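Look at the structure below with its pairing of strands in mind.

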Amino acid sequence: MEVAQRIKGLESAIFNEMEHYKKQVEARGVKVINLGVGSPDRPPAPHIIAALHRAIDNPVNYRYPLEGLPALHRALARWYRRRFGVELDPDYEVLVLMGSQDGLAHIALAYINPGDVALVPDPGYPIYACSILLAGGEIYPMPLLAENNFLPDLASIPGEVARRARLMWLNYPNNPVAVSANREFFERVVDFARHYGILVCHDAAYAELAYDGFKPMSFLEVPGAKEVGVEFYSLSKTYNMAGCRIGFAVGNRDVLAALARIKSNIDYGVFRAVQEAGIAALEGPQSCVEETARTYQRRRDVLVDGLARYGWHMPKPNASMFVWAPLPAGYTSSRQFALELLERAGVLVIPGLAFGAMGEGYVRIALVQEEELLAEAVERIGRAFSFR
């Protein structure tokens, strides 16, 4: 049977190809150092695991959860006030999700009709484009270029496109390009969205993975942001709870109500034991968050400084769990370079082309291995290549 047209463009051939070649290299007895998938490699803090243990012993928690626990809504609202100075009504401006990807994937179903335009960053996290394709919308790519500090140039979007646009995706700190946005940019976004009647969806999953004293801001800190948008936040990266599948959408109450209506017809909510672990994460000691950020900073330094010694230079990100590395001199194809890196050094990274046409010329390196393995990856690359 032939599958529906809407799913034919969803799988990334490059991701599948890299996994295929990884297995071939491993079959030769090479232990591949996987710096591809951006999944946290450390466990949650003990107090979070302890809360989960207690919660799974409560038989009440095995009923359909349906909605987020009021205590979790309040905990997230308090966390946003402490961290960003943003006031959220816990009853109407917080929606619990099965990981932020749950909301990222479904929000377009509530706002995109077939033929509607969505403004999508290029390069960008694949779910942004996939969500629009599943809803039958049209994608207008917003190039993220080094000369613009990897921020979309809103002024370059044609007026006729902006008038047709219903939704704009943003993500700072960014995956894959590992940069952050400032208040001035977000202020321009709010003005642009208000002028054209566009819903802004900001993915803030990496807001706590920041280095060198930098503190990323929330889109909702800008006056008027709640009028035009929502923000998606996740406990996956901040608290190493990726497998728990818990996140949030916050902001405009009407938008959250529409998303909740979509979700009520799709799923039954987040396991209550996981929600109680989320409360423990948000309200418990935050030293674990600080240590996680320090861990990624050390890993960043091992990788970036180490490769620089061999002649492969790349910017040091101030946030996220990735390095967006320009191809070394002499290479033009991100796919070809990534395959050579895997074949010759046994190190897996993701070609920038996997994230959109504007990703060509880069590879994304995930800082998801301990410092010793990252140092080994650097040494392998240095032995296998000559970048000078």
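**Strands, burial and overall dimensions**

Strand β11 and strand β12 (residues 362-366) are paired antiparallel through two bridges. Strands here are DSSP E runs of at least two residues, helices are H or I runs of at least four, and both are numbered from the N terminus; two strands count as paired if DSSP finds at least two bridges between them. Within this pair, proline 351 lies opposite valine 363 of β12. The pair belongs to an open sheet of three strands, ordered β9-β12-β11, with antiparallel pairing. Its edge strands are β9 (322-326) and β11 (350-351), each of which pairs on one side only.

The model is a predicted one, in which local features need pLDDT of at least 70 and side-chain atom pairs count only at pLDDT 80 or more, while totals for chains, interfaces and linings use all residues. Residues are numbered from 1 along each chain as its sequence is written, and side-chain values use heavy atoms, with hydrogens and water left out.

What joins β7 to β6 and to β8? Strand β6 (residues 199-203) runs parallel to β7 and is joined to it by four bridges; cysteine 201 has valine 230 of β7 as its bridge partner. Strand β8 (residues 247-251) runs antiparallel to β7, with five bridges between them, and serine 234 stands opposite glycine 247 of β8.

In a regular strand, side chains alternate between the two faces of the sheet. In β7, Gly229, Glu231 and Tyr233 on one side and Val230, Phe232 and Ser234 on the other are all buried, so both faces are covered. Buried means under 20% relative accessible area, exposed means over 50%, and partly exposed lies in between (1.4 Å probe, protein chains only). Because six of the six residues of β7 (residues 229-234) are buried, the strand is largely enclosed by the rest of the structure.

For the protein as a whole, there are 14 helices and twelve strands. Its radius of gyration, taken over C-alpha atoms, is 21 Å. The globule rule (2.2 Å times the number of residues to the power 0.38) gives 21 Å for 388 residues, so the protein is as compact as a globular protein of that length. The C-alpha trace spans about 60 × 55 × 50 Å along its principal axes. Of the 388 residues, 55% are buried. Among contacts (heavy atoms within 4.5 Å) between residues at least 6 apart in sequence, 75% join residues at least 24 apart.
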